[in-house]
Amino acid sequence: MTSARRPRPTNTTHTIEIFASELEDSVLEQARHTAALPFIYPHVALMPDAHFGKGSSVGTVFGTLGAVIPAAVGVDIGCGMIGVRTRFTAEDLAARGDLGQLRDAVERSIPLSPGNYNSWVLRTSAEARTRELAALAEDNDVDLRHSRKWRQQLGSLGGGNHFIELCLDEEQRVWMFLHSGSRGVGNKIAQKHIRVAQRVCEKYWITLPDPDLAYLVEDTPEFDSYLRDLEWAQRFAYLNREEMMDRFAECLGDYLGAEVVEEERINCHHNYTTKERHYGRTVWLTRKGAIRADEGVRALIPGSMGTSSYVVTGLGHRPALNSAPHGAGRRFSRTEARKRFTVEDLEQRMEGIVYRPGEAWVDEIPDAYKDIDAVMQDAAALVRIDHRLRQVLNVKGT
């Protein structure tokens, strides 16, 4: 394309590849808006779990030439999953007994809920990771004055659909599993650049179908600043999950009276932008609520609270831009879920799973999400299922 100052006029709408058997009209409308942008290449792909989001739907994947859309990356930059397969088995858990004790230990070790951070005295592992991030911020000229407590956020879960789980696979092996992202610091970085992109588009009279599709163009200071900040936030999210998983492992080891031996560790983003090659061209590939599923790549697809999750291997499906769903995807908004369901409904759905009951988690009831098994059926051409996990313990922030 030319530049933000003189966008090339076009009536072209790029192809939309749909992998969802259940899709709201609002999601399709958002995909059409995104596909109409002149720099999209090669097309827009809607994952099986696609649902309405900010600017573009969650579960949207597309490539761009010479531009990025900050709101399409999402406000939780680098949000994703980490899973660890251990040598422990269901028999080891049964011999120990009350999983409520493990739940309490995890809640003491990992700050839960938005605004809940670590104390100023950091653990050794967190200190080393924050030193790495501080060095990266200096190298990338990342301004973190908007988040004075970013160091205290490392190793904290957050709220919403972020969770920590203990699971068993089909062979009764124990997995540690958790979902989180770049916390408050990542959100502030995202919001900052969304506003910048909107101001730039307004300045040059660029008409958009949605202000949250505002974009930044390569070879401009605004683009370069966003990419530097994006790299930092994605690394923060990755290390945040690593830190929490290490703490989770310590809690599990103390609970079982034996060191946790890891057989496998998988850590993957599902909200990010990176350079990739698709259909013969190098693009900025944005996955908003989608995992990378190149052939042979291992990844994680969680279900909703109380349902199954999956360990998968990518099949490198080109029309899906080598991507796959990131979870179940919401069917009802949080407000609507609270109108429809009760604490008693949630207790019934969580039968047999140790969790902390209460009104705070009603909007996370499985019925507020799409059927994860239907989502996985829709994803059959995108990933191979290696393990199906069932929860025995669930920890969430409000």
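An open sheet is built from 7 strands, ordered 9-5-7-6-16-14-13, with antiparallel pairing. Strand 9 (262–269) and strand 13 (298–301) form the edges. Each has a single partner strand, so one side of each lacks a neighbour in the sheet. On average, neighbouring strands here are turned by 30° against each other, direction ignored. The model described here is predicted.

How many bridges pair strand 5 with strand 9? Strand 5 (residues 80–89) meets strand 9 over 7 bridges, in the antiparallel sense. Within this pairing, Ile82 has Asn267 of strand 9 as its bridge partner. Helix 4 also packs on this sheet. Helix 4 touches strand 6 (163–168) and strand 16, and its direction makes about 85° with that of strand 16.

## Helix 4 against helix 8

Helix 4 (residues 99–109) has a helical neighbour too: helix 8 (residues 221–256). Their axes come within 9 Å and cross at roughly 145°. The crossing is right-handed.

Which residues make this contact? Helix 4 supplies Leu99, Gln101, Leu102, Ala105, Val106 and Ser109. Helix 8 supplies Arg247, Phe248, Cys251, Leu252 and Tyr255. By class, the contact has 8 nonpolar, 2 polar and 1 charged residues.

Another open sheet holds 5 strands in the order 1-2-3-11-10, and its pairing is mixed. At the edges are strand 1 (16–18) and strand 10 (271–278), each pairing on one side only. Neighbouring strands of this sheet are turned by 20° against each other on average, direction ignored.

Strand 3 (residues 58–64) and strand 11 (residues 281–288) run antiparallel and are joined by 5 bridges. Val61 stands opposite Arg287 of strand 11. Helix 1 (residues 25–35) packs on this sheet. Helix 1 touches strand 1, strand 2 (40–51) and strand 3. The direction of helix 1 makes about 165° with that of strand 2.

The structure holds 1 cavity of 30 Å³ or more. The largest cavity contains about 50 Å³ of space.

What lines the largest cavity? The lining consists of Glu107, Met305, Tyr355, Arg356, Trp361, Asn394, Val395 and Lys396. By class, the lining has 4 nonpolar, 1 polar and 3 charged residues. Strand 16 (residues 383–396) gives the most to this lining, with 3 residues. Strand 16 is also part of the sheet with 7 strands, and helix 4 touches strand 16.

Definitions and conventions: Residues are numbered from 1 along each chain as its sequence is written. This is a predicted model: local features need pLDDT of at least 70, side-chain atom pairs count only at pLDDT 80 or more; totals for chains, interfaces and linings use all residues. Side-chain values use heavy atoms; hydrogens and water are left out. On a 1 Å grid over the protein atoms alone, a cavity is a set of points where a 1.4 Å probe fits but cannot get out, and a pocket is an open set with protein on both sides within 12 Å along at least five of seven lines; lining residues have an atom within 4 Å of a point. Grid points are joined across faces, edges and corners, and a volume is the space filled by probe spheres set on the points. Helices (H or I, at least four residues) and strands (E, at least two) are DSSP runs, numbered from the N terminus. Ala, Val, Leu, Ile, Met, Phe, Trp, Tyr, Cys and Pro count as nonpolar, Asp, Glu, Lys and Arg as charged, and the others, Gly among them, as polar. Axes are lines fitted to C-alpha atoms, for helices over the stretch in contact, and angles run from 0 to 180 degrees between N-to-C directions. A crossing is left-handed if the near helix is turned anticlockwise from the far one by less than a right angle, and right-handed if clockwise. Contact means heavy atoms within 4.5 Å. Two strands pair if DSSP finds at least two bridges between them.
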